[in-house]
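Please look at the sequence and the 3D structure together before reading on. The report below is meant to be read with both in view.

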Amino acid sequence: MNDIVLVMDSIIVFVHIIAGTVLVSMSSIMQLIVGPAVSLLTDSNQKKLVTEKLKKRRVPVMDGAIIIQIMTAMYLVHARWNMILSEPVMRVKALSGIIALSLAFSAHFYFRNKKNKLMTAGKTAELKTLNEKTRFIEPLVLVFGAIAYVIGIYFNHM
Ligand code: HEM
């Protein structure tokens, strides 16, 4: 690899680490701290206000991190294909990362649009059913994202 390619490669890995850190930390804060705290609110108006505020702050950051992570992971699949195939632990990491990113993408780009459409159409019963069906997605993003994160760090620094 010549110098410029090496520099670009390091920058992409660096961005991959930053976006991964944002994704996993945001996900754990939301799942483990904010979510349970918001569920304690009993006043539905207050709950709606808090949820709206959280959405405004969290959604752009998470969406950005997901897109960046997908793009950098696509590069890494291409650039580190032999490493991924030859190291069993990297195969587990890549698989966990792919599962986490596919789930995150479906929750943030597909199901959110669907939910917004149901909300605008006033179809509250359908919205409730869809919310129930998709409840498992975010916790799984956290589990698989954390596995991908920890293995990534372990592989490079142990
Ligand atoms: C939520 C998803 C993901 C997270 C949180 C994540 C996180 C990380 C972290 C923290 C590192 C460590 C880098 C270091 O400390 O030097 C890393 C490295 C790496 N990741 Fe990911 N990753 C994710 C998804 C993926 C996916 C889907 C792939 C490929 C299919 C992938 C491929 C790699 C590779 C090949 C490396 C090693 C890069 C190198 O140092 O040469 N990652 N990842």
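Predicted model: local features only at pLDDT ≥ 70, side-chain atom pairs only at ≥ 80, totals over all residues.

Residues are numbered from 1 along each chain as its sequence is written.

The protein chain holds six helices and zero strands, where helices (H or I, at least four residues) and strands (E, at least two) are DSSP runs numbered from the N terminus. Its C-alpha trace spans about 60 × 30 × 30 Å along the principal axes. Of its 158 residues, 17% count as buried, a word used when 20 or more other C-beta atoms, placed from the backbone, lie within 10 Å of a residue's own.

Helix α4, residues 88-120, has 33 residues and reaches 47 Å from its first C-alpha to its last, close to the 48 Å expected (1.5 Å times one less than its number of residues). A kink of about 35 degrees is centred on F111 in α4, the bend being the angle between axes fitted to the seven residues ending at a residue and the seven starting there. After α4 comes G122, with a positive phi near 70 degrees.

The buried residues of α4, among them K93, A94 and A100, pack against the following helices, with contact meaning that two C-beta atoms, placed from the backbone, lie within 7 Å.

| Partner of α4 | Residues |
|---|---|
| α2 | 44-79 |
| α3 | 81-86 |
| α6 | 137-157 |

Why is A94 buried? A94 counts as buried because 22 other C-beta atoms lie within 10 Å.

A94 also belongs with G20, A73, G97 and G152 to the closest of the 25 residues that surround the ligand, a residue being near when its C-beta atom, placed from the backbone, lies within 6 Å. Two or more residues of this shell come from each of α1 (3-38), α2, α3, α4 and α6, and α6 gives the most, with seven residues.

The largest nonpolar core has 17 residues, and A100, L101 and A104 are among those that touch the most other members; such a core is a set of buried Ala, Val, Leu, Ile, Met, Phe, Trp, Tyr and Cys residues joined through C-beta atoms within 7 Å. At least two residues of this core are supplied by each of α1, α2, α4 and α6. Leaving aside residues up to four places away in sequence, A100 touches V141, F144, G145 and A148.

Definitions and conventions
Buried ≥ 20, exposed ≤ 12 C-beta atoms within 10 Å, placed from the backbone.
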